Amino acid sequence: MSTRSQLTKDLNESVKSLLGKNIKILRKTLVKLEKNDKKTENRVMVFSPCRLFFLTAKVPTRIDFHFHYLEIQKIESKKSNQLVLSVSGIERTLVLYPSQISETTSMTRVDPDMAACLEVDGMLSTLASALLVIFPSVPITNIIRKIELVPEKRLEQLLTEISPAATGTFSGVGPCCGFSTQYACMCDYHGLPYRDEVAWDIDTIYLSHNSKELSLKDFEHLDQRDIVPIVSALEHNTWFTKLRAGHIRMSHEALDRILLVIRRSLSIEELYLDNLGLRGDFAHKLSLSLLANPHSHLHSLDLSNNLIEDKGVGHLSHVFGRLPTGLVKLNLSFCGLTCKGVNQLAHALLSNPNMSSTLAHLDISGNNLKEELNNLCNFLAQPNCISHLDVSGTDATLEHLFGALLRGCTTHLTHLNVSKNRFASKKGKEVPPSFKQFFTSTLNLKYLNFSGCSLPLDALKNLLLGLACNESTEGLALDLSNNNLSASGAHVIESCIHGVRCLGQLDLNENNFDVELGSVITAIGKNKSLKHLNLGRNLASMKQKHVVVVMEALVQMIQEDDCILQSLSLADSKLKTDVFSLINALGSNQCLQSIDISGNMMGDAGARLLAKALQINTKLKNLVFDRNNVTLQGYSDIAYALESNYTLRYMPFPVFDVQHCMKASAERTDIIMRRVQELIHRNVTPKRQYHSQALRLQQGFLLTSTQQMVDRLVLQTQDSITALSQVPAEDVQLIEETQGLISDAESVKQLLHRLNEVALKGDVDDGTGPVDIKLQQCAIELHTTCAGYIQRTIENMMTCAIKECPHVLADAQTQQEIARLCRAKSSMPLDFVNNCIVEQAGTEIVNKIKELNLMTAAHLSDKITDEVIECLSRSHKAIVGDSRASIRKRSSTPDVLRTRSRLSSDALKSEAGGTSPSDCSLPNSTEQSPMLEYLNLATPHMSSKRKSLYGRKLRPQSVVDSSEGLSADDIPDLLPKSAEESQDSVSDLPSSGSGQVLMHLVKSRPKRAKTRAPTRPMLRGSTSDTEQSSSKDSSAIAEGLDTFFVKPSPTPSNSSSLMNTPRSQSSDNLRKASPLPILKTDKSQKPPASPLLTSEAEESTSPSPVPDHAKQTTISTKSETSSPLNTNKVVNKVKESCRKPPPIAPKPRPWSMFTGDKVSGELSLVSDGGSSSTTSDANTPDSVDALDESTDSGLVIDASETEKQEAKEEVAK
């Protein structure tokens, strides 16, 4: 009941002027306020939206005291005319006397006691209504914990009167359940300024995203005091269910308000307080807050990266054991826990029966748990519903852990991280059977991390075999990175990985596989479930020759027709030019959708090749290639390539490389990178691909070498038919069948084009194809359905509006006008539906159909072409009757698609038997000298067999790009040699009848003086054996001269670094690169046969393969004669020349001594007289091998003083 009649006009004006216009007055009442001494004073009681003011009853009035509604702790009304308010422990007793009541109720015939009671109830109703406006979804009893009214029905009537159903309060509730109003109330409560930006962010951003999570990081830019009212607003807000306050600075006052929110909130379910610098005392306070709120719905708690230690976890454990609803998520990672604290936690989880059915996420990683975890293992061994378990970096014993997981976590566990833990089993001890059984029996595992565990080989084998036996799970992501598995681990993976069909993602990063990584990649290619592969940091420290092998295996794997790999990562591998082969394979690749080649330092040359690949690639969608030392020129090439690429949709901004580009030219860098981003954004919207472009690309792959192959076979077969047609006795039927095959061979060259005409029949790019027509029909039907649904919705809305506002919408004309405007506003254009169905979804569908048709046509054409070539080859052999008749002549126009590394030994042998003028002097046998075999590699050859589709789709390496990392001699010379070059070429070695003798051309070169004295005595042999060896027949010297300087059957131990010289095309470069010095002979002497030469000549007749270093050796001879007198001298010079380092050696090797304790016999040295002094055992082939082995190992044998003197005399001449 209003008491304004008690207040004079002057007093009312004084109250209004004192409070101002910014404070809304809800109610004014004149009351008597009791003091402690039972005296009373008149006061004017004013209710505002948030505060209660007590003003003096004099003019001019002043504020005696005031307090916030939230400061009221107790309301009591045991007498009809009395109201007691307890504020912060101080009771304020308000009394309404009958005389005052009678003045206000003089016009009514109401009992004074009843009138006083109604007045008190009116004041309570005003207070409760004000609180309801601020906190509309929370009962008043939750805000003011203690309310006592006598009789009790007064409280029930009060709650009924202010209920939302009676007052319609919910109709005025603001966004996010009135958070802005609550924030303003809390700003008034704490005496802090109201920030409009906070209210706008909550009412606009959070509401538009329907976000139930309040992140304090959004307001980190504000002062720490301004965070306090934001947190306090959550005390009675029912919109937000999550509070995230991680990784920011918070004051103690803000942390105290968080504890108060936990104590009072009815809606907070998840609390994230990670990395706030909290200690154990905060954990204690948090446990008390949880115990004080019996209606708490908190089920997720994150206290990670806070050193609460075992003491804090002990306090929380008591609460966790009593939570009636249990926990769903608990994160205590990096909290400084030990086994004691974790065991206390696990004991609390065991004691709460609800935990086994609610706890799904448990993270205790980063804690020191070296001791036994019996309670944790007992909890995990019980049937539970844990789906996410992280114990990484805890030094826990994995053997015991997997035993517990096998018994209780095989059903629901999907994420398991045990990285940075080691096996406690000693070396040689078997891994427990439970380890393998867990991976066999798990049902839903999707992520498994064993990174940095130093997995024993037995554990790795059991892991892979267990997963191979698992038929329940699929799409598993397995992380085996940083385990240093090396070669032995690679062998285990190679033997097991192909059978693990549940794998979807594999990370083998940083495992030091070395060259065995190539075999691992080959085995991974056989796994038809793996879609994501990470091989980064395995190639950075690998030898160059091994990197080539690994990259060839990788390119071979991704080019297979049945390869399903979608993403590949080679990040931080420092491949440099070795990544070029992979980039060349990207152009035609049909499986990879994402690739990461960052950190490989490929430079602008790699960017140029990548641009070429992007111009024809139609599958790649994600590309990462930062940290590659690419300059503006490289990014300009990428931007140019993206002009014709419509599929690449994501390419992270290359921050590291662009930094250097900005220093060189900031404006040009901005233009290029802006253009790249525009093209990437263009590709996000799907665009219909042109079938003709893809067809021409496929024709280029299929017909590059096929055209020449079929033409040659047809020409050879026609020549054979023409020659045999003159013989009447020949088989006419065979000739007719062959002519039919020739006709098919002519038609097969146009087969791909014909097949695509069939696929495109009635399906063109102008929208008249059957698929486009069906899509347009679907668009029209969908538009009709949408229009009907919108019309029915408008009618239902109008019905509801008429029901709610019948007086306004009583006129039928008004209803029709409103309905017409609604239909105009809500009409859906047909163009919009066509764009969604035909242009967007239809584009993807039509592009996929065309892609499948083209793949089918290409596969069919390729297989039929192979069959035609095979049939023509068989017919040609049958007509000619000679198996060698099918060997084609050497092509005068090389196939530029064939690289040198793809040439097989069979192709070389077949080409050696050609009839070209340049080969007319070569023998027809398949064995040829190493020099000639090397020179044949200088010119590309047309193989006798058509290249596979894999080989045709690989882009050949650019000569310009390859020259950046190689010497000029490595670039193939495709032009014919001039006359001068032909004179320098190596010819056949002279025969014994020509009288030519091998002589050392650098015999006269002076030797360097010794820089240090020998540390061991030199080995000397007897001269008797040398005299015997010099008396043998000299006629055997001519045998095997072409392989004199080459060991026919080397062993791996005989390899030398001197043999690994770059391969050269010209004879000058060959002479420089050769590890053997060129010999000089004497005209007047004829060389006799020595045992050393005889043994090597005999070995050269064996069919052993010619070593690679023989292809890099050249021998220059002259037509000179020699006598048997100084044959031993020639032999010694030959031996000495074999032991010397190359003439172009930059630095002489230090002297070393040879002990002669070889397995094959005692090794002899060169005598002072120039003759070989050996024992009888040293003349065997084994001793020759020992001699070669000593030469390869870099041993230097001392020469005699007489020979040195002879060398000086020759120099003087």
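# Note on side-chain contacts and burial

1. Asp 562 is partly exposed, with a relative accessible area of 44%, and this note starts from that residue in what is a predicted model. The side chain of Asp 562 meets that of Lys 528 in a salt bridge, with an N to O distance of 3.1 Å. The bridge links distant parts of the chain, since Lys 528 belongs to the loop between helix H20 (517-525) and strand E20 (532-534), while Asp 562 belongs to the loop between helix H21 (544-558) and strand E21 (567-569), 34 residues apart. Lys 528 has 35% relative accessibility and therefore also counts as partly exposed, given that this class lies between the buried limit of 20% and the exposed limit of 50%. Elsewhere, salt bridges with shared partners join Glu 510, Arg 537, Asp 572 and Arg 627 into one network.

2. For the chain as a whole, the model contains 44 helices and 25 strands, and buried residues make up 47% of its 1213 residues. Of the contacts with a separation of 6 or more, 81% are accounted for by residues 24 or more positions apart. The chain exposes about 60,600 Å², of which carbon and sulfur atoms supply 53%.

3. Side chains of opposite charge can pair when their charged atoms come close. The structure holds 23 salt bridges, and one of them is formed by Asp 121 and Arg 154, with 2.7 Å from N to O. That pair links distant parts of the chain, with Asp 121 in helix H3 (residues 112-134) and Arg 154 in helix H5 (residues 153-161), 33 residues apart. Arg 154 is at 6% relative accessibility and so counts as buried.

4. Where do the partners of the salt bridge between Arg 257 and Glu 235 lie, and are they buried or exposed? The N to O distance in this bridge is 2.5 Å. Arg 257 lies in helix H10 (residues 252-264), whereas Glu 235 lies in the loop between helix H9 (224-232) and strand E10 (242-244), so the bridge ties together parts that are 22 residues apart in sequence. Arg 257 is buried at a relative accessible area of 13%, and Glu 235 is buried at 2%.

5. A pair of aromatic rings is described by the distance of the centres and the angle of the planes. With ring centres required to lie within 6.5 Å, the count comes to 16 aromatic pairs. Phe 402 counts as buried because its relative accessibility is 0%, and Phe 435 is buried with a relative accessible area of 2%.

6. The charged end of Lys 212 sits over the ring of Trp 239, at 3.5 Å from its centre, and Arg 244 lies over the face of Tyr 272, at 3.9 Å from the ring centre.

7. The buried residues of helix H15 (residues 374-381) are Leu 376, Cys 377, Phe 379, Leu 380 and Ala 381.

8. Phe 653 is found in the loop between helix H24 (632-642) and helix H25 (655-664), and it counts as partly exposed because its relative accessibility is 42%.

Note on methods:
Residues are numbered from 1 along each chain as its sequence is written. This is a predicted model: local features need pLDDT of at least 70, side-chain atom pairs count only at pLDDT 80 or more; totals for chains, interfaces and linings use all residues. Side-chain values use heavy atoms; hydrogens and water are left out. Rings of Phe, Tyr and Trp (its six-membered ring) pair if their centres lie within 6.5 Å; planes under 30 degrees apart count as stacked, over 60 as edge-to-face and the rest as tilted. Buried means under 20% relative accessible area, exposed over 50%, partly exposed in between (1.4 Å probe, protein chains only). A charge sits over a ring if NZ of Lys or CZ of Arg is within 6 Å of the ring centre and within 35 degrees of the ring normal. Helices (H or I, at least four residues) and strands (E, at least two) are DSSP runs, numbered from the N terminus. A salt bridge is a side-chain nitrogen of Lys or Arg within 4 Å of a carboxyl oxygen of Asp or Glu. Contact means heavy atoms within 4.5 Å. Accessible areas come from the Shrake-Rupley method with a 1.4 Å probe; for residues, only the protein chains shown count as cover.
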